[in-house]
Each structure stands twice: as C-alpha cells, then as structure tokens.
Amino acid sequence: MIGKVLKITLIIVGVLLLLLVAIPVIFKDRIVERVKHEINEQVDARVEFGRFGLSLIRNFPNASFWVNDLRVIGEGEFSSDTLADIGRTLVTVDLFGMISGSDYEIKSIRLDRPRLLFKLLADGSANWDIVAVEEDAEIDVADQTSDFRLSLRRVDIRGGHVAYLDDKFVTYIYANDINAVLRGDLTASITNLTTRDATIGSFSLRYDEWPVLSRVEARLTAEMEADLDRFVFTFRDNLIHLNALPLVFEGMVGWPADDLEMDFRFAATRSDFASFLSLVPAVYATDFEGLTTSGSMMLEGHVKGAFTDVVYPGFGLSLQIDNGMFQYPGLPASVSHVNVSANITNPGVDLDLTVVDVPVFRMQLAGTPIDARFHLKTPISDPEFDTWVAGQLDLSQVKQFYPLDEGFVLRGVVGGDAEMRGKLSDVEQGNYEAFHAAGNMIASDIHIGTPYMEYAVEVSSAVLRFDPQEVSLEAFSMKLGDSDIAATGSILNIPGYLFSDQLLRGWFTTRSSYFDLNALMEEAPERSEAAPAGLEEETAEESQLGVIRIPSNIDFTLESTFDRVLFGSLQITDVQGVIHVADEQVNMENLRMGMLGGTLGLNGVYDSRDQRPYVNLGLNVSGFGIQDAFQTFNTVQILAPIGEFARGTFSVDLQLSSLLDGGLQPVLSSLRGKGKLSSSAVLLQNTPSMVSLANQLHMDQLKEWSLKDLLLSFSFSDGKVEVPPIDLQFGDIGASITGVTYFDKRISYVMNLEIPREMFGGRANQVFDDLVSRASGLGVQLAPGDKVPLDVRLGGTFLRPEVSFSMASVRSSLEDQLRGEADRLLQEAENRLRDEAQQARDRVEDAVQEQVDDTRERIDAEAEARISRILEEANRQAATVRTQAGNAAEKVREEAAEQAARLEREAQGRGPIAQATARQAAQQLVREAERRAVQIESEGERNAQRIIDEAQIQADRLRSGQ
C-alpha cells in the first residue's frame with residue numbers, strides 16, 4: 001500500500017515537473033505572437049528584441065517572461081532616435097490567465113540597463129507620442145476592451161540612464177546610473193506609491209545655456225498618493241539628497257483637466273554652509289569630507305500654477321548664505337566671509353515677468369575680497385540688467401586655499417572691475433548714451449603651468465577696457481613655451497551677443513617672432529569614464545573629430561604677422577596676411593609665407609556651413625623643393641606620385657576645391673582643380689616606368705632623365721589627373737607626352753620619343769635591328785636616320801607599370817603607302833564618274849534641244865500638247881540622270897569596299913602593326929569613297945533639276961509665243 005502511494009506521488013511530482021518544463025516551450029510562441037500583435041496595434045514605432053524566454057519555476061504560481069535587447073525606434077522625424085534600449089526586461093504574469101489565453105495579468109516589471117531618450121522639439125512634436133490612433137475613427141471608451149490587466153505592485157530599475165531633451169522649453173535633463181524600486185497597486189483608482197533609497201549616480205539639469213545642476217549624485221525616498229482616474233500625484237514627507245544637500249518637498253503635480261497643474265514647495269532641511277558647497281562640482285570632487293566649514297545657509301522655493309504652451313506657472317527660489325567659510329585640511333588659508341543673497345521670482349503666466357536679484361555676492365579668497373551684484377528683469381522681451389563686479393586675485397595664493405594637483409604652478413595678478421546698467425534694446429539701436437558700461441581688466445606677470453601641457457602659459461601683460469560700444473584689447477603679450485604672441489584689437493556688441501545671440505564683430509592685429517603650433521595640438525588626458533552612448537550630457541550634434549565649425553554670429557578680421565612658425569616638422573617664415581572669419585567661413589586674403597626653401601601665397605575660403613567642410617583655394621608656390629613638398633603634403637603624393645623620384649625645385653599656380661573629411665583631409669571623390677607647373681631643372685631618377693623601358697631597350701641612359709625649362713599644365717577631377725600633350729627635351733631625346741594618373745596610382749600615358757641613333761649600341765642595337773627586321777617583313781623599308789622614332793605606351797600602376805613600345809616610322813610608312821594607293825583609286829573613280837556624268841548630260845541636252853525644235857514647228861496647233869510632252873520628257877530624263885548618278889555612286893562605294901578588303905587581306909600575316917595600319921587606311925578609303933559618292937549623287941540631282949528647269953523655261957516661251 002505504501003509502495004503504491006509512493007509510486008503515485010512520484011508520478012504526480014514527475015508530471016508536475018514535466019509540465020513546469022514543457023509549458024514554457026508549448027506556450028512560448030503563443031505569448032510572443034500575442035506580444036507582437038499588441039505592440040503593433042498600440043504603437044507607431046519600430047520595436048525590436050533579441051532572445052526571449054518563459055519560466056514557470058522562478059515565481060511559481062506566476063510566470064516570468066523575459067526579453068533581451070528590447071529597442072523602440074521612432075519613425076518619421078525621429079527615425080534616427082532610439083526611444084528605449086533595454087538590456088533585459090523581466091515581466092511577471094499570472095500563470096492561470098496565461099494558460100487560459102483570456103486574461104493576462106501583469107504583476108511586476110524589472111528593467112535591467114534601460115536607456116531612455118525623450119525628445120520634445122520646438123514645434124511640440126514628441127518622440128514618445130507613439131500610441132497609434134486611427135484617423136477618422138470615433139473612439140468609444142466604453143466599447144474598448146482588452147484582456148490585458150495591470151496589477152502592477154513593483155517596478156524595478158537597475159542601472160538605468162535617462163535623457164530628456166526639451167527644445168520647446170529649452171530644458172535638458174540627464175540622469176545616469178539610476179537604481180530604484182517603485183511599489184504600489186496600480187489597479188486601484190487611488191493608491192500609494194513609494195520608493196526607498198532610489199539613487200542616481202549623476203544628475204544634470206541645464207536651462208538653455210545655464211547649468212543649474214551638474215553631475216550631482218542624488219538619493220530619493222518618496223511617497224505619493226496617486227489618483228489614477230484624475231492623474232494627479234500628491235507628494236508628502238519626501239526627501240531627496242543632492243550630493244550632501246538634503247531637500248524636502250511636498251505638493252502636487254497632475255493633469256486634473258487638460259493642463260498640467262503644479263503646486264509644490266521645497267526647502268533645505270540643513271542650514272549649514274557645507275551642504276550647499278556640495279553642489280559646487282570643483283569643491284565636492286576634492287576632499288569634501290575633510291573640509292572645515294562654518295556659516296549658515298537657507299534655501300527654499302516653490303512652483304505653483306498651470307503649465308501650457310502659452311502659460312507658465314509662478315515660481316520662486318531664495319538662497320541666503322551668511323558668513324560662510326571653508327578650508328581644506330593642511331592648507332594655510334581659507335575661502336571666507338561668503339555672503340550671498342539671491343532671489344528669483346515670477347508671479348506666473350509670462351516668463352517675461354521673471355526677476356533675478358542678487359544684491360549681495362561677496363567672498364574673500366585668502367583674504368582678498370571679491371564683490372559683485374546682479375539684477376535682471378524682462379529677460380524675454382528686452383533684458384534690463386544692472387551688474388557690477390570688482391576684485392583682484394594673486395594667483396600664487398590659490399594653492400593656499402585650494403588643493404592643486406601636483407605639477408600645477410600659478411603666479412601673477414589678475415584684477416579689475418566692470419559695471420553695466422541699462423536695456424539691451426539701447427545697445428541694439430545704438431543708443432549708447434542710455435546704456436552705462438565701464439570697466440577694465442588688467443593682468444600682469446601671469447604664469448600657468450599644468451601637468452597636461454608641455455609648456456607653461458605666460459602673460460606678461462594684458463589690458464582690457466570696455467565702454468557701451470566696444471571692448472578694447474589695448475595690450476596683450478603672451479608666451480607659450482618658446483612661442484610668443486602680441487595682440488591689440490576691439491570687439492563690438494558683446495551684450496547683444498551674450499543676451500540675444502546677435503552678431504559679434506571684432507578686429508585684431510597680432511604679431512609673433514616665433515610660434516610653435518605643435519604646443520596647441522597636445523592631446524588632453526582622456527576621461528576615465530564615458531557617458532552612455534546617446535545620453536551624453538551635451539546636446540551633441542553628430543560631428544567628426546577634427547572638423548572645425550565656425551560660429552555663424554561672429555565677424556572677425558585678423559591681420560597677422562609671424563616671423564617664424566613651427567607646424568609639425570615644417571618650418572614656416574615671414575607669415576603675413578588677413579584672415580576674415582564670418583558667416584561660418586574663413587576667408588584668407590593675400591596670405592603669404594615662406595617654407596620648403598620657397599614661398600607660398602594663399603587666397604581662398606574654408607566653408608563649414610554644411611555637414612562636411614569645403615575649401616576653395618588658390619595657391620601660388622614659388623621655389624619649393626620637390627622632395628620636401630612630396631614628403632610634407634599628402635595632396636602632392638596623390639596628384640604627383642612621380643615626385644618621389646624627382647629632384648629639383650618647382651613653382652606652381654594651383655586652383656583646387658574639395659570637401660574635407662573628419663581629419664580635415666580632402667575627400668578624393670570631390671577633389672578637383674587645375675594648375676600650371678614650371679621648373680628650370682628637374683632630375684628624374686629610376687621612375688618605375690622608365691626603368692622598365694630602359695631594361696627592355698637595354699639603354700640604361702633612360703633611367704635618369706634631366707629636364708630643362710619645364711612648363712606643364714594639368715587638371716584633376718573625378719579621381720584622376722590629366723596631362724594634355726606636352727613637348728619635352730630629355731637631353732638629346734625629344735618627347736611628346738600625354739595621359740592620365742589616377743588617384744589610386746593607376747596610369748595611362750602615351751609617349752612619342754625621338755632617340756638619337758648613336759644611343760643604340762651594344763645590346764640596344766639588337767633591339768633596333770629587330771624592329772627594322774619586323775618592319776621589312778611588313779613591306780616597309782626603313783632607312784635609319786639620325787633620330788629613331790619610338791611609340792611608348794604606359795599602363796598598369798605607377799609602381800607596377802606595364803610598358804610596351806614600337807617604332808613610329810613603321811606605322812607611318814605603312815600609312816603613307818596605303819594612303820597613296822587609296823588616293824590613286826579614288827582619283828580614277830572620280831575621273832570616270834565625271835566623264836560618265838558629262839556624257840549623260842550631253843545626251844539629255846541634245847534630246848531636249850531636238851524636242852524644242854520639233855515643238856516650234858508645231859507651235860500653232862499643238863502648243864499645249866507639246867508643252868505637256870516636253871515637261872513629261874524632262875521629268876523622265878531627270879529621272880534617268882538621277883538613276884545614272886545613283887548607279888555611279890554605288891559603283892564608287894563597291895569599288896572602294898573591294899579595295900579596302902584587298903588592303904586588309906594583303907596585310908594579313910604581316911603582324912599586328914601592319915594589320916592595324918591597313919585597317920585604318922581601308923576605313924579612310926571607304927570614308928573618302930562615301931564622300932565622292934555623295935558628291936556624284938548631289939551633282940546628278942542638280943543636273944536633273946536643271947533639265948526640268950530648262951524644260952519649264954522652254955514651255956513658258958512657247959506659251960508667250962517666243
């Protein structure tokens with residue numbers, strides 16, 4: 001009995017285990033299809049996911065459904081955005097509802113490594129608005145049914161990243177490394193939702209260009225009452241830590257009607273100055289726990305009212321700091337007497353009613369006072385501000401109150417004062433009398449050294465003064481290592497640039513005796529941690545490394561003189577010229593410099609308005625060393641690979657244009673231009689093509705060519721450089737060269753050489769005798785003269801050329817013989833046809849005259865009948881002339897075709913050159929015969945028409961009684 005019970009028990013357990021394993025497999029496809037169906041019905045987006053699975057054991061009697069790599073990608077204008085990218089999604093579903101297929105009840109959701117991107121464009125379009133809505137369909141909520149029920153009691157987020165980019169309200173939020181658990185019953189109309197110790201590793205908030213919070217660590221404990229019917233959330237007894245600053249907040253946020261309503265308050269629960277200091281990134285990141293602090297702080301704020309496209313809620317923020325102080329351990333001085341009074345208020349509805357008032361901002365840095373005040377109102381329509389700042393800082397004292405990293409050296413004094421008061425509109429309209437602005441900044445004996453720079457920055461003096469119209473740089477003298485630069489200049493419309501993004505204009509004059517550009521190109525140390533892809537804390541446009549974007553709202557003119565400049569290993573001297581920076585372009589005007597033993601003149605434009613920058617440059621190069629230019633400029637290596645084997649100097653006038661890639665290198669498919677190159681002497685040694693030709697001819701003299709007074713035109717586009725026919729003299733060798741070099745190093749050239757006969761000696765004589773012998777075999781007798789003509793064809797690539805040659809006189813002699821034979825045959829045919837045509841015309845004229853005489857005898861009785869017959873006979877005779885002319889023309893064509901065929905037959909077996917030459921002569925014979933035949937047909941037509949015309953004249957005379 002016990003054995004039976006045990007056996008039955010084991011069977012039942014085995015069946016249950018089998019079911020727990022089999023059910024996920026049995027229902028897996030059904031669940032996936034259902035999920036896909038629901039998604040396609042509910043969203044206007046592309047949804048992708050990777051591996052997925054179903055488990056009945058993990059949370060039995062609930063089923064666990066998991067999906068890896070779930071991605072939701074937008075459509076239309078958001079097609080390049082990924083709204084959600086979730087590494088792993090785990091959903092707990094009621095098992096019995098799943099089996100029945102009639103009621104799926106979701107109980108919890110866990111999201112591992114979710115990356116969420118929310119974007120609101122300036123026109124109000126949102127990438128999260130993906131719920132599918134049927135057009136022209138009336139929606140009856142009462143009739144809508146779904147077998148999905150949400151009994152969600154837990155949402156678990158692990159390692160999340162969220163970015164909210166709001167172009168409409170110019171608000172940008174980045175939250176990285178989010179870990180939180182939200183609990184509550186979302187099936188109830190009114191429920192409590194709680195989270196405990198939710199954390200955000202890095203939280204940033206930026207409004208327009210103003211960083212409100214930057215990379216702050218956040219910890220949240222919150223409880224809210226959620227009215228899900230009215231979609232209103234009420235917060236109470238909630239606490240958030242921003243770094244070391246604890247804030248309590250309470251109130252409500254919701255959509256009880258159409259508009260977003262807000263009414264909440266927040267305040268700091270601690271009044272010590274240290275908690276506020278934690279929001280300053282530079283202070284919090286450096287030994288914050290060891291700070292000695294004192295002073296009090298009060299921070300509070302509120303938001304109340306509706307938030308719509310045209311209406312804004314009222315808000316307020318108040319910050320008071322009294323006698324704050326902090327001092328780092330081990331440092332002798334402190335930052336003390338910190339007193340701040342700041343208030344931001346807005347009654348609501350209109351952002352232009354915002355008032356920012358900072359009447360007090362004061363501190364002492366190692367005993368040196370810094371004072372400022374700031375007041376702003378009507379920031380939207382016409383910013384009206386009143387600001388003042390004054391102070392002085394001895395940089396050598398910074399290390400006394402702030403711990404500098406090892407290797408940092410600071411010296412020098414910076415000080416000044418500035419005051420601005422008035423409306424921005426007065427500056428825009430040029431009403432400078434109504435706008436008060438005055439101030440200066442003076443720096444002297446500045447020395448800044450860091451471990452990240454090879455050279456120290458030294459500013460011996462800098463004087464900056466400003467008034468309502470302009471800021472004047474009266475003096476500036478700086479050294480960067482061995483480099484020096486001095487500058488003076490002016491900048492106009494700084495307030496308009498800062499507050500209204502207006503055009504900033506300026507002009508500067510700079511001078512340097514030596515400047516090392518390499519010192520400005522040192523790579524900064526890489527950051528140890530990168531932000532998640534797509535969620536960087538910058539509104540990053542996709543741009544390529546190295547591309548320089550020119551702002552659209554600056555207009556600067558720089559007139560510069562540099563005695564010596566070092567760029568890489570390139571030594572540049574006597575740099576002079578004008579650079580105009582405006583409209584996202586850099587225009588270079590008469591820029592001249594010395595380099596590579598010569599001079600370079602440059603005019604042109606660098607244009608960054610499109611995604612890819614564009615250059616259009618005119619260059620005048622004089623006296624550059626060929627080898628130096630080839631080794632220095634990659635464009636020379638592309639356009640003229642022969643430069644690797646050339647020695648000498650050259651000059652060139654060059655016009656080129658091209659798109660640039662991310663490294664500011666030419667995009668070869670867009671590179672195009674033309675130029676003229678000249679050189680008094682160029683030595684070519686061991687170019688691969690001439691080495692190959694020299695080896696085939698057994699003439700080592702051809703491996704080294706010396707060119708005198710070279711003048712060469714060229715053009716390049718569509719991936720190739722074209723050289724038009726040019727006559728050159730290589731010592732005693734005359735040459736005519738034309739062809740193409742492709743950017744991928746392929747070549748296609750034709751060279752016609754005239755080589756002195758005496759150069760054919762030794763083994764080269766055997767080559768020459770072989771050429772003469774082959775010509776004799778073709779029936780061409782060559783009488784060697786002082787010059788031996790040679791046709792050379794170059795193909796393949798520049799470094800692996802394919803070289804072939806033949807004697808040009810062989811082809812020329814064959815062409816002369818065949819051309820003479822063709823001319824003789826054509827002349828005979830022409831003479832014969834001319835005689836036949838004249839005989840035909842004489843016969844017709846005699847017949848017509850005979851008919852005319854007969855007509856005159858019978859003119860009285862049969863005038864009209866005779867006239868009719870005359871015209872009929874004339875037409876018949878004209879048709880005869882046309883037929884005879886056509887037959888004669890066809891005969892010319894047939895004879896020419898026979899002669900052409902004979903020429904080609906006779907050339908058979910004489911070699912490819914003779915055959916090609918015969919083919920060309922035959923084609924010429926046929927073309928000439930065709931021309932003669934057309935002439936004969938035309939002449940026959942003219943004769944026929946003349947017969948008809950004469951008959952008509954005779955008929956007219958008969959009618960008139962003549």
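## Nonpolar cores

The largest nonpolar core in this predicted model comprises 125 residues, and F716, F730 and L753 have the most contacts inside it. Leaving aside residues up to four places away in sequence, F730 touches L684, W705, S706, L707, A735 and I737. Another core, of 12 residues, lies apart from the largest one; A889, V892, A929 and I936 are among its members.

## A nonpolar surface patch

Y207, W210 and V212 make a nonpolar surface patch of about 360 Å². Y207 belongs to strand β8, which covers residues 190-207. The relative accessibility of Y207 is 37%, so this residue counts as partly exposed.

## Aromatic pairs

The count of aromatic pairs comes to 12. One of them joins F231 and W255, with 5.8 Å from centre to centre and 45° between the planes, a tilted arrangement. F231 sits in the loop between β9 (210-227) and β10 (232-242), and W255 in the loop between β11 (245-254) and β12 (260-268); the pair therefore ties together parts that are 24 residues apart in sequence.

F307 is partly exposed, at 26% relative accessibility.

## Aromatic cluster

F231 and W255 also belong to one aromatic cluster, together with F233.

How values were computed:
Residues numbered from 1 in each chain as written. Predicted model: local features only at pLDDT ≥ 70, side-chain atom pairs only at ≥ 80, totals over all residues. Heavy atoms only, no water. Core = buried A, V, L, I, M, F, W, Y, C linked by side-chain atoms within 4.5 Å. Buried < 20%, exposed > 50% of the residue type's maximum accessible area, 1.4 Å probe, protein only. Contact = heavy atoms within 4.5 Å. Patch = residues over 30% accessible without salt bridge, like charges linked within 9 Å, V, L, I, M, F, W, Y side chains within 5 Å. Areas by Shrake-Rupley, 256 points an atom, 1.4 Å probe, with all protein chains shown as cover. Salt bridge = Lys/Arg side-chain N within 4 Å of Asp/Glu carboxyl O. Helix = DSSP H or I, 4+ residues; strand = E, 2+ residues; numbered from the N terminus. Phe/Tyr/Trp six-rings, centres within 6.5 Å; stacked < 30°, edge-to-face > 60°.
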